[in-house]
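I opened this notebook to keep track of what I looked up, entry by entry. The sequence and the model come first, and my notes follow.

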Amino acid sequence: MLRSRRLPEYNVRIDTDTCTVCKACVIQCTFDVFSYMKIENKISIDESKCVDCHRCMIYCPDKSISITPTPIQYRPNASWNKESIHNIMKQAESGGILLTSMGCDKPNYNYFDRLLINASQVTNPSIDPIREPMEVKTYLGRKPDKLTISDNNGDSIIETSESPQLLLETPIMFSAMSLGSVNINVQESLAMAAASSGTYQNIGEGGLHPRLKKYAKNLIVQVASGRYGVHKKYLDTGAAVEIKIGQGAKPGIGGHLPGEKITKEISEARRIPAGTDAISPAPQHDIYSIEDLSQLIHAIKEATEYSKPVIVKIAAVHNSAAIASGIARSGADIIAIDGMRASTGAAPLVMRDNVGIPIEMAIASVDTRLNQEGIRDKISIIAGGGIRSSSDAFKIIALGADACYISTVALIAMGCTVCQKCHTGKCPWGLTTMNPSISIRINPKMESKRVANLVRAWTLEIKDMLGGMGINSIESLRGNRHQLRGVGLSEQEMEILGVRPAGI
Amino acid sequence: MNTKSSISKFVVDAKNLATRELNEKIREAIRDGHKQIDIQNVSGQRYIAAGIQELIDIEIFGVPGNDLGVFMDGSKVVVHGNAQDATGNTMNSGEIIIHGDVGDITGMSARGGKIFIQKNAGYRTGVHLKEYQGLRPIIVIGGTAQDFLGEYMAGGVIIMLGLNLKGGIHNADYVGTGMHGGSIILSGDVRGIGREVEVQQLDQEDNRLVEHSVQEYSKHFGCKVDEILGSKFKKLKPVSTRPYGNLYSY
């Protein structure tokens, strides 16, 4: 590769007055910014390697390190800002596709911040969620059109056979993160948090690590285009099976885990030889249509004897509503929709930042369409991709989802500072690295507590918002867009979202 | 308790049975301890033997539908007739023997097991075959196959005998596209191969595998073993186990 002409993006400084040369920064930084010079007994800094993850700052016992963005680097220009110049330089050096990770970091696509939540005043009473019952339990799965009830000597017997359901104690679930995108310590932390919070963790397409087996009833297993580690016992293990068609961060493309990341542990879970690329094709070659999708859904149902719900996950794209209608009719129990701000362990930058539509638009249009067709009640909807707070979760349910998927939020709870370097495999916080000497930085017992704390806090906040608007059940919020108002939105945007402007 | 009669051959008539009803009957027979199941009058019912982990001998008379033996792990299925698309989809182990032709994506993503096809196969046969430790899938095609044979193969072996092939050329292009493991061994030429593969001579181990597979093929369908083994075979192998190593910037 040609020599880089980029300027360093960050200034890294050590205050020599307070630094005790303990070398903690040398150990903590996985990008080799710091090195120890023995003769001079000081730390040398290569700031061109810094990714601004803050690991060194937090772990410096003397608090001697400071990291700041480099002051003005290029002449101010609305078209040619630092990012666009650097991207061109990188591609000119390498001739390759720009890789990135985490979710889209551009400000343009957020609707959550332009939606406001209602509350009760005078005309109907608000409810105090701390002292009054507030139901946030959510059942995901197919619901029957009607119940046939027969009378057996005074006892009512429900004759309608029930479809399998997932019971969530709170409508917050952990989105798919495979073994390979994150390491087993992260997966186990999430599994423990899911178990203690009464919710589910999606383990993605990367096989099932033996350490996760004991959390089976809180796991969702995924079947994606690579079919890695997918076999009968795997399908039997999960509480639900998710067929992954697309991912919000990179709709329409497959991916591959590079051979150097296929360690022994990954190889065993994915059931492929160590060292070879693990390619996930762009399509699933047994699914070219809704009819084919229906076939895979039923193949899974036959293999698991109709005992568990099947989720179909799609990326939010322009015609999501029509696709969702097809999925609802294909026999799926749950649709998961992943918005364009969704995170990833690795994706081409051009896909992450340009392909797909925001989750708010997708959920609103899917909910509207399924309602128009009279099939919304048949199927449950999980929304993911870009949910940052309990209010985002709340708003997406009001726009029409049954529950939401979070993953970036859970990673941040475990230390992630969204430096967007997951694809390098060097995550200094020990999250997205497969290197056992770094992944040991995640202690599942400790980190699961943080994640569970977060879910608890959000659940309390959701109850507060529900109570404020005088609603005592999350079911009454679902698709209840009267409780939302838009600010700074065009008429057409509000029409799609199904909300009225604030003030009306 | 299983009596002798309950483990005898179980015969099910699939006539007028819906897919789900037929598969439920098969599962019930397995639960009752039957090790041999004959299914008569099969006409397009899907997912037969889906996810079966017990070691069962299943004989199918008629034409089974798509996803025959999907997720199957260990059983033996013999089809007296043609089979449809996605036969042996994501199979773990076991054997599927088809006395006729098969549709598209036969053996898709299979991790182990054997599939013997007496005649011809459709498009994308053996797409994304894998292998892992002791498991190595083998697909033997008696006749010919269509485009994208062995696409994305990460392991396993496809052997294509080219019996009754007209003009010595298989009407298959893009053979082995995206291949990064395993091998395709074939008699005759193909219209085109993927850029990720190269043509090689068979080594001793390949020759032994071909000999063994042809003998098995003959056992199932009857054929002149020596004549087939006398024909010239060649092998397609991936150039690299890392075909897409240099696609990306940083």
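How many of the ten residues of helix α8 (residues 320–329) of chain A are buried? I counted a residue as buried under 20% relative accessible area, as exposed over 50%, and as partly exposed in between, with a 1.4 Å probe and protein chains only. Seven of the ten are buried, and the helix is mostly covered.

Before going on I noted the ground rules: this is a predicted model, in which local features need pLDDT of at least 70 and side-chain atom pairs count only at pLDDT 80 or more, while totals for chains, interfaces and linings use all residues. Residues are numbered from 1 along each chain as its sequence is written, chains are lettered from A and ligands numbered from 1 in the order in which they are written, and side-chain values use heavy atoms, with hydrogens and water left out.

**Entry: helix α8 of chain A**

I took helices (H or I, at least four residues) and strands (E, at least two) as DSSP runs numbered from the N terminus. The buried residues of α8(A) are A:S320, A:A321, A:A324, A:S325, A:G326, A:I327 and A:A328. Among the elements that cover them I found α7 (290–303), β17 (310–315), β18 (334–338) and α10 (359–372) of chain A. After α8(A) comes A:G331, with a positive phi near 105 degrees.

**Entry: domains and cores**

An automatic or database domain assignment sets the domain bounds, and it divides chain A into domain 1 (10–96) and domain 2 (138–145 + 158–501). The C-alpha centres of these two domains of chain A lie 34 Å apart. I counted a contact as heavy atoms within 4.5 Å; the contact between the domains takes 13 residues from domain 1 of chain A and eleven residues from domain 2 of chain A.

Next I looked for nonpolar cores, meaning sets of buried Ala, Val, Leu, Ile, Met, Phe, Trp, Tyr and Cys residues joined through side-chain atoms within 4.5 Å. The largest has 132 residues, and those with the most contacts inside it are A:F34, A:I337 and A:I396. Apart from it lies another core, of 45 residues, including B:A14, B:I60, B:V79 and B:M160.

**Entry: strands of chain A**

Strands pair here if DSSP finds at least two bridges between them. I found an open sheet of three strands in the order β6-β22-β23 (chain A), with mixed pairing, whose edge strands are β6 (115–117) and β23 (500–501) of chain A. Strand β22 (residues 484–486) of chain A and β23(A) pair in the parallel sense over two bridges, and A:G486 stands opposite A:P501.

In another place, β8 (residues 149–152) and β9 (residues 155–158) of chain A pair in the antiparallel sense over four bridges. They form a hairpin with two residues between them, and A:N153 in the turn has a positive phi of about 50 degrees.

B:D67 lies in the loop between β3 (57–63) and β4 (73–80) of chain B, and B:N164 in the loop between β8 and β9 (169–170) of chain B. Phi is positive, near 60 degrees, in B:D67 and also in B:N164.

Last, I looked up B:G155 in strand β8 (residues 154–160) of chain B, and found this glycine buried, with a relative accessible area of 0%. Leaving aside neighbours within four places in sequence, B:G155 is in contact with B:L129, B:K130, B:E131, B:G181 and B:G182.
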